[in-house]
Amino acid sequence: MPARVHDPPPRRDRVMPGWDSVAAPVLWHDAVMGAALMLKPSAEMPADLRPLIYHTLKAAESISALATNPPATAR
């Protein structure tokens with residue numbers, strides 16, 4: 001899947017007290033259909049979010065690819 005430069009950047013948010021998340025959009029063609037979300041207790045969230053962002057983006061890209069081009073099913 002090509003780089004998704006038109007999407008909003010992944011971001012870190014406080015979802016509820018004591019919990020933080022990193023999320024990235026899941027697309028079906030050009031439409032946002034959901035999000036890949038990584039949720040961790042705030043105390044366990046690392047200062048360097050780059051690895052979490054990388055893996056969250058990869059998960060979102062994989063889900064987007066499956067949603068847009070589902071594999072053929074065996075009959």
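Biologist: What percentage of contacts between residues at least 6 apart in sequence join residues at least 24 apart?

Modeller: This is a predicted model, in which local features need pLDDT of at least 70 and side-chain atom pairs count only at pLDDT 80 or more, while totals for chains, interfaces and linings use all residues. Residues are numbered from 1 along each chain as its sequence is written, and side-chain values use heavy atoms, with hydrogens and water left out. A contact means heavy atoms within 4.5 Å. Among the contacts in the protein chain between residues at least 6 apart, the share joining residues at least 24 apart is 39%.

Biologist: Against which strands do the buried residues of α1 pack?

Modeller: Buried means under 20% relative accessible area, exposed over 50%, and partly exposed in between (1.4 Å probe, protein chains only). In α1, the buried residues are Leu52, Thr56, Ala60, Glu61, Ser64 and Thr68. They lie on the same side of α1 because they cover an arc of only 165° around the axis, the arc being that of the directions from the helix axis to the C-beta atoms. The buried residues of α1 pack against β2 (19-28) and β3.

Biologist: Which residues are exposed on the other side of α1, and how far does α1 reach from its first C-alpha to its last?

Modeller: On the other side of α1, the exposed residues are His55 and Leu66. The expected span of a helix is 1.5 Å times one less than its number of residues. With 19 residues, α1 comes close to the expected 27 Å, its reach being 26 Å.

Biologist: Is alanine 36 buried or exposed?

Modeller: Alanine 36 belongs to strand β3 (residues 31-41). Not counting residues up to four places away in sequence, alanine 36 touches Val22, Ala23, Ala24, Val26, Thr56, Ala59 and Ala60. Its relative accessible area is 8%, so alanine 36 counts as buried.

Biologist: Which backbone nitrogen does the side chain of threonine 68 reach, and at what distance?

Modeller: Threonine 68 is placed in helix α1 (residues 50-68), and its relative accessibility of 18% makes it buried. Not counting residues up to four places away in sequence, threonine 68 touches Leu27, Trp28 and His29. The side chain of threonine 68 reaches the backbone nitrogen of histidine 29 at 3.2 Å.

Biologist: What is the N to O distance in the salt bridge between glutamate 61 and lysine 58?

Modeller: A salt bridge is a side-chain nitrogen of Lys or Arg within 4 Å of a carboxyl oxygen of Asp or Glu. Glutamate 61 and lysine 58 are three residues apart in helix α1, so about one helical turn separates them. Glutamate 61 is buried at 18% relative accessibility, whereas lysine 58 is partly exposed at 38%. Their side chains meet at an N to O distance of 3.5 Å.

Definitions and conventions
Helices (H or I, at least four residues) and strands (E, at least two) are DSSP runs, numbered from the N terminus. A polar contact is a pair of N or O atoms within 3.5 Å; within protein, one must be able to donate a hydrogen and the other to accept it, and residues adjacent in sequence count only if both atoms are side-chain atoms.
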